[in-house]
Amino acid sequence: MAVGPCWVAVRACQRVLKRTFSLHKAQAIKDMENTFQLVRNIIPPLTTKKHKGQDGRIGIVGGSQEYTGAPYFAAISALKVGADLSHVFCTREAAPVIKSYSPELIVHPVLDSPDAVGEVEKWLPRLHALVVGPGLGRDDVLLGNVKGILEASKARGIPIVIDADGLWLITQQLTLIQGYRKAILTPNHVEFSRLSEAVLRDPVDSGDRRGAVLRLSQALGNVTVVQKGEQDVISDGEQVLECSQLGSNRRCGGQGDLLSGSLGVLLHWALHTGPEKTNGFSPFLVAAFGACALTRQCNHQAFQKHGRSTTTTDMIAEIGSAFNRLFET
Ligand SMILES: NC(=O)C1=CN([C@@H]2O[C@H](COP(=O)(O)OP(=O)(O)OC[C@H]3O[C@@H](n4cnc5c(N)ncnc54)[C@H](OP(=O)(O)O)[C@@H]3O)[C@@H](O)[C@H]2O)[C@@H](O)CC1
Ligand SMILES: Nc1ncnc2c1ncn2[C@@H]1O[C@H](COP(=O)(O)OP(=O)(O)OP(=O)(O)O)[C@@H](O)[C@H]1O
Ligand SMILES: [Mg+2]
């Protein structure tokens, strides 16, 4: 077959694209490796000199009539990653259910009480990070209470992870989070679109996920955003990171709760260790990358054992060994 100049040009162009793509891929792998090292740097050593609480006291705000699993997944994941104490602030009805899942959680049935904000505020001085939203539901009274809790936490400078219905709340009231740089938002696909459309008043460009996450973070005043998906895309409005750690194709509910609970602890560790441990790199990005990689590795390991029957409980059972493999070898 005669090969015309046009075809030659196409082949040349394909070669350049292929090389650019491989370079991009190689760069992405190198970035991932460097970021893994930064995550390793923030892990606090286990020593005889420490007392209970020093490696993290994490609060989860969520748990309602409909949803008791999500706050449990987040709270137990925080403990399994290495926090010393994990508190759940939930509704009165949800509390006995959550307590019955695990004796290891401290459960406060206060979220629908008349003085919910005051009841949670009492604990704030002792908490290193809050995770707001898993299993919260969308009841207006509860959301009003959580608004007060967010305001009180911001006034104290507490790092906050916002997930699930917490994202629903801030999507309705963007000023609640605008400019609070100690927050990390962890939207799934739907939550990201809702939030992005509310903030940027434009439909999301699904062909440019990195750009979309970067723009959302910038518009929120450099609040860190983690868009979960086939790859997790993370940005603080200045840099964009991707996590493509191998997971599996099993998409059972609750994986995002494992991620947000883990992130609560890693965020505390990243902020506590100081900038020299993260080479000046954003501690928010390091913590977010660590939580994404860990969740996906748990998913991978659980899937190897349980295949299609994998559930989030199986993934939680993998946290210890996944953490070791990724960060302690
Ligand atoms: N065991 C428990 O207690 C658990 C409780 N949970 C709690 O549930 C509450 C609500 O959280 P949420 O994530 O279900 O709410 P929301 O964002 O409205 O999504 C709803 C719909 O969006 C869609 N959809 C989702 N992802 C998509 C994607 N990637 N790509 C495309 N579409 C996608 C999908 O719609 P469908 O396929 O049905 O059309 C889905 O049904 C919250 O409190 C949370 O913490 C969970 O944590 C799970 C474990
Ligand atoms: N298509 C995909 N391929 C691989 N991993 C994915 C995919 N989609 C999501 N994940 C991973 O699953 C985890 C949870 O993301 P997901 O989008 O399911 O969150 P979620 O909807 O908030 O979960 P939850 O059910 O807990 O609310 C993240 O670690 C993400 O990387
Ligand atoms: Mg979720």
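This is a predicted model: local features need pLDDT of at least 70, side-chain atom pairs count only at pLDDT 80 or more; totals for chains, interfaces and linings use all residues.

Q: OK, which element gives the largest share of the shell around ligand 2?
A: That is α9, which contributes four residues. The shell around ligand 2 has 14 residues, and the closest are N188, K228, D232, G254 and G256.

Q: And what sort of residues are they, by class?
A: The shell around ligand 2 consists of seven polar residues, six charged ones and one nonpolar one.

Q: Which polar side chains reach an oxygen atom of ligand 2?
A: Among them are K228, with a side-chain N or O atom 2.6 Å from an oxygen atom of ligand 2, and R296, with a polar side-chain atom at 2.9 Å from an oxygen of that ligand. From the backbone, an N or O atom of Q255 lies 3.3 Å from an oxygen atom of ligand 2.

Q: How much of ligand 2 does the protein cover?
A: Taken on its own, ligand 2 has 620 Å² of accessible area, and the protein covers 78% of that.

Q: Where does ligand 2 sit?
A: Ligand 2 is in the largest pocket, and the elements that give two or more residues to its shell are α9 (255-273) and α10 (283-306).

Q: Switching to ligand 1, which residues come nearest?
A: There are 17 residues around ligand 1, and A70, G135, R138, D165 and D257 come nearest. By class, its shell divides into seven nonpolar, five polar and five charged residues.

Q: What about contacts and cover there?
A: A polar side-chain atom of D165 is 2.4 Å from an oxygen atom of ligand 1, while a side-chain N or O atom of D257 is 2.8 Å from an oxygen atom of that ligand. The protein covers 50% of the 930 Å² of accessible area that ligand 1 has on its own.

Q: Which element gives the most to the shell around ligand 1?
A: α7 does, with four residues.

Q: Last topic: how many aromatic pairs turn up?
A: A search of the whole structure gives six. One of them joins F36 and F289, whose ring centres are 5.1 Å apart with the planes at 80 degrees, so this pair is edge-to-face.

Q: Which parts does that pair tie together?
A: F36 belongs to helix α1 (residues 5-42) and F289 to helix α10, so the pair ties together parts that are 253 residues apart in sequence.

Conventions. Residues are numbered from 1 along each chain as its sequence is written. Chains are lettered from A and ligands numbered from 1 in the order in which they are written. Side-chain values use heavy atoms; hydrogens and water are left out. A residue is near a molecule or strand if one of its heavy atoms lies within 4 Å of it. A polar contact is a pair of N or O atoms within 3.5 Å; within protein, one must be able to donate a hydrogen and the other to accept it, and residues adjacent in sequence count only if both atoms are side-chain atoms. Accessible areas come from the Shrake-Rupley method with a 1.4 Å probe; for residues, only the protein chains shown count as cover. On a 1 Å grid over the protein atoms alone, a cavity is a set of points where a 1.4 Å probe fits but cannot get out, and a pocket is an open set with protein on both sides within 12 Å along at least five of seven lines; lining residues have an atom within 4 Å of a point. A molecule sits in a cavity or pocket if more than half of its atoms lie within 2 Å of its grid points. Ala, Val, Leu, Ile, Met, Phe, Trp, Tyr, Cys and Pro count as nonpolar, Asp, Glu, Lys and Arg as charged, and the others, Gly among them, as polar. Rings of Phe, Tyr and Trp (its six-membered ring) pair if their centres lie within 6.5 Å; planes under 30 degrees apart count as stacked, over 60 as edge-to-face and the rest as tilted.
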